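The following paragraphs lead through one protein model, from a single contact to the overall fold. Please keep the sequence and the coordinates at hand while reading.

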Amino acid sequence: MPHAVPHVSEIAARDMAERFNRPDFRAWAHRAHTTGGCAQPIHLRGGVDHIDPMTGAVLHRYSTAREPGGMLRVACKTRRASRCPACAEIYRADIYQLVRAGLVGGKGVPDTVTQHPAAFVTLTAPSFGPVHSRRTGAGGAVASCHPRRNGGTCPHGRPVSCTVRHSADDPRLGQPICPDCFDYSGAVLWNAHAPELWRRFTLAFRRYVARSAGLRVAELREVLTVSFAKVAEYQRRGLVHFHAVIRLDGPGGPDAPPPAWATHELLKAAVDHAAGAVRVSTPAAGDVPAMTHAWGSQVDVRPITTSGDLTDNAVAGYIAKYATKAAECVGTLDRRIRATDDLADLPVTAHARRLIAECLRLGALDEYAGLRLAEWAHMLGFRGHFSTKSRRYSTTLGRLRAARFEHNQREDAHEITTGRLPFDDDQVLVVSHWRYLGQGMTPGEALLTAALTGKPLPPFDPSTAPYGSTS
């Protein structure tokens, strides 16, 4: 049953009525369903020919000429919930299944993996200056933000104390108590080097485990495999931190049990050592001094169990939740900064604006050219992958998508673009020709899609609407 359509502008209402009254509305609505309610579909024009390689005869031909508007709309498949909630939900579900399979089995992983030591690890960034925070006491009562017995002011004349008991939705959370005291250069450079810190962490972890077992790292691979899946999350202060599942397997991965000496205690000790041991240095440039970057002091290591507070379902759900979010959750943009953008007019928080400005400033220095800070300013300097896993942790996103594709083929045999054809397409020549026309929907189309599919709408962005449509 169609869902209620939210309040719309007069222009959007006219656009919606025009689309609804077109002769091809039913075909258009069908396409909206086949894209899963995608909020920014990609528009293609072209076709596919299936040709018999022996005779040259055309066995089947598909053309977008028969589609509404003469073009095919396909799902964008983004992972960002802020851009397309429908496609991001599919990505979230895939990540959930991927992570959970590595904890309880399934998707090609044996269920004996539940007997392997596994922990949920959180690695955070260090402090670059005090920020407003919500703290709770042992009984759950909210405590004062940053109480200081003697009060006083910082070198910039601002109070260093904050006695407010912030609510969970207080917009001040994560914002510096004194923006001029906050080390924006250090924060941006730390974000840029977080992926390298993670890489060095995994190396130090393996070295510690090998040394504890009296082995060299090369020998460790013959008796034990370290598997992991991780996701990056932005804290409200604009710094990334990593949540990871780390699991100890036998040689070759989850099919073999780890040696008896590979315990939860060893796993925790290896994490604590590696988190405190790794460093990444950056050179001085301009007014920015040379820096040494390391993980923050808050390192959390908790064993994963099949029952209790930290179960496989809870861990998989938590990691999957943050796989669809990015820096936009802390008040910045979910798109790149354009040369035509006026930084002062961007719809971002004051803290995010200064982090973006620092990315652009440092990105112009030769010493930091390799960090591509200007290109990743909207991500506050972080340019790593948001969700990654080791090779043998569990299944892959590619296999999950292939299984979903095969399922769609069985469910809808009449779809020319995804359904079964009356011949084995492995034995024919497939010639495709496509042309990209644009991406997105008009405001009226977006509202109709939401009403037809029940999928939520992201905020309308004129830059993603086709043909420059605006509301």
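Which side chain does a polar contact join to that of Asp-170? The partner is His-166, and the contact between the two side chains spans 2.8 Å. A polar contact here is a pair of N or O atoms within 3.5 Å; within protein, one must be able to donate a hydrogen and the other to accept it, and residues adjacent in sequence count only if both atoms are side-chain atoms. Asp-170 sits in the loop between β6 (142-143) and α4. Its relative accessibility is 11%, and Asp-170 therefore counts as buried; the term buried means under 20% relative accessible area, exposed means over 50%, and partly exposed lies in between (1.4 Å probe, protein chains only).

The model is predicted: local features need pLDDT of at least 70, side-chain atom pairs count only at pLDDT 80 or more, and totals for chains, interfaces and linings use all residues. Residues are numbered from 1 along each chain as its sequence is written, and side-chain values use heavy atoms, with hydrogens and water left out.

The protein chain contains 10 helices and 13 strands. These elements are DSSP runs numbered from the N terminus, helices being H or I of at least four residues and strands E of at least two. Along the principal axes, the C-alpha atoms fill a box of roughly 80 × 60 × 50 Å. Of the 471 residues in the chain, 47% are buried. Among contacts (heavy atoms within 4.5 Å) between residues at least 6 apart in sequence, 71% join residues at least 24 apart.

Leaving aside neighbours within four places in sequence, Phe-205 is in contact with residues including Leu-267, Ala-270, Val-271 and Ala-274. Helix α6 (residues 264-277) has 14 residues and reaches 20 Å from its first C-alpha to its last, close to the 20 Å expected; the expected span is 1.5 Å times one less than the number of residues. Buried in α6 are Leu-266, Leu-267, Ala-270, Val-271, Ala-274 and Ala-275. Seen down the helix axis, these buried residues fall within an arc of 155 degrees, so they line one face of α6; the arc is that of the directions from the axis to the C-beta atoms. Their cover includes β4 (118-123), α4 (184-212), β8 (240-249) and β11 (299-303).

Two further sites give a contrast in accessibility. Ser-297, in the loop between β10 (291-293) and β11, has a relative accessible area of 77% and is therefore exposed. Lys-321 belongs to helix α7 (residues 312-323) and, at 40%, is partly exposed. The C-alpha atoms of Lys-321 and Val-231 are separated by 9.5 Å, although the two residues are 90 apart along the chain.
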